[in-house]
Amino acid sequence: MTARTAEITRSTSESSVSLSLDLDGTGTSEISTSVPFFDHMLTAFSKHSLIDLRVQSSGDTDIDVHHTVEDTGIVLGQALRQALGDRAGIGRYGDALVPLDEALAQAVVDVSGRPYLVHSGEPAGFEFHRIGGHFTGSMVRHVFEAITMNAGITVHLRVLDGRDPHHIAEAEFKAFARAMRRAVELDPRIDGIPSTKGTL
């Protein structure tokens with residue numbers, strides 16, 4: 001079987017990102033984005049998706065974490081797309097419902113080749129909250145936009161319940177991770193591309 005891996009480096013005047021991943025890993029990670037809460041979210045994503053992930057990011061966080069976080073999401077999406085290759089043999093669809101104490105999030109993924117994000121349910125004011133003092137709640141949606149657009153996947157992500165911003169964000173990342181795990185897994189019963197069109 002061809003290794004389903006990717007390694008991408010992206011540098012701009014605002015950030016520098018080096019990322020590698022293995023879709024058929026065990027969930028090991030080495031994450032350093034210079035944004036501690038984002039490190040926590042990417043570590044959780046790796047652990048629960050079983051995607052091995054290495055990320056080294058830096059940028060103008062003295063201004064805001066926005067550029068570094070967004071650019072890391074872009075590169076993660078590009079790496080997922082590259083590692084998936086022609087998508088032959090994958091399950092294609094994945095869904096997960098994940099609680100974290102009072103928070104509950106649902107993610108549904110289609111590795112469709114068509115980038116689309118439907119994101120709803122975060123409570124009013126969530127987007128303004130600074131989680132861990134650095135990561136603004138609005139960045140959660142922004143990261144998923146960057147990932148989905150660059151990976152070429154469809155994602156429906158809903159917050160069904162929650163009060164604590166940390167718990168809400170973490171439940172979202174873990175639900176996405178679990179859904180991705182199912183969507184990218186190889187299914188021995190699937191012969192070729194899982195689409196009546198013959199391509200994804």
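Phe37 and Phe135 are both buried (under 20% relative accessible area, with exposed over 50% and partly exposed in between; 1.4 Å probe, protein chains only). The model is predicted: local features need pLDDT of at least 70, side-chain atom pairs count only at pLDDT 80 or more, and totals for chains, interfaces and linings use all residues. Residues are numbered from 1 along each chain as its sequence is written, and side-chain values use heavy atoms, leaving out hydrogens and water.

**Aromatic pairs**
- The structure holds five aromatic pairs (ring centres of Phe, Tyr or Trp, the last by its six-membered ring, within 6.5 Å; planes under 30 degrees apart are stacked, over 60 edge-to-face, the rest tilted).
- Phe37 and Phe135 have ring centres 5.3 Å apart and planes at 55 degrees, so this pair is tilted.
- Phe37 sits in helix H1 (residues 36-49) and Phe135 in strand S9 (residues 135-136), 98 residues apart.
- Helices (H or I, at least four residues) and strands (E, at least two) are DSSP runs, numbered from the N terminus.
- Phe144 and Phe173 are also tilted, because their centres are 4.9 Å apart and their planes at 40 degrees.
- Ring pairs join Phe45, Phe144, Phe173 and Phe176 into a cluster.

**Nonpolar core**
- The largest nonpolar core has 58 residues, and Phe135 is among those with the most contacts inside it.
- Such a core is a set of buried Ala, Val, Leu, Ile, Met, Phe, Trp, Tyr and Cys residues joined through side-chain atoms within 4.5 Å.

**Strand S7**
- In S7 (residues 116-120), Leu117 and His119 point to one face and are buried.
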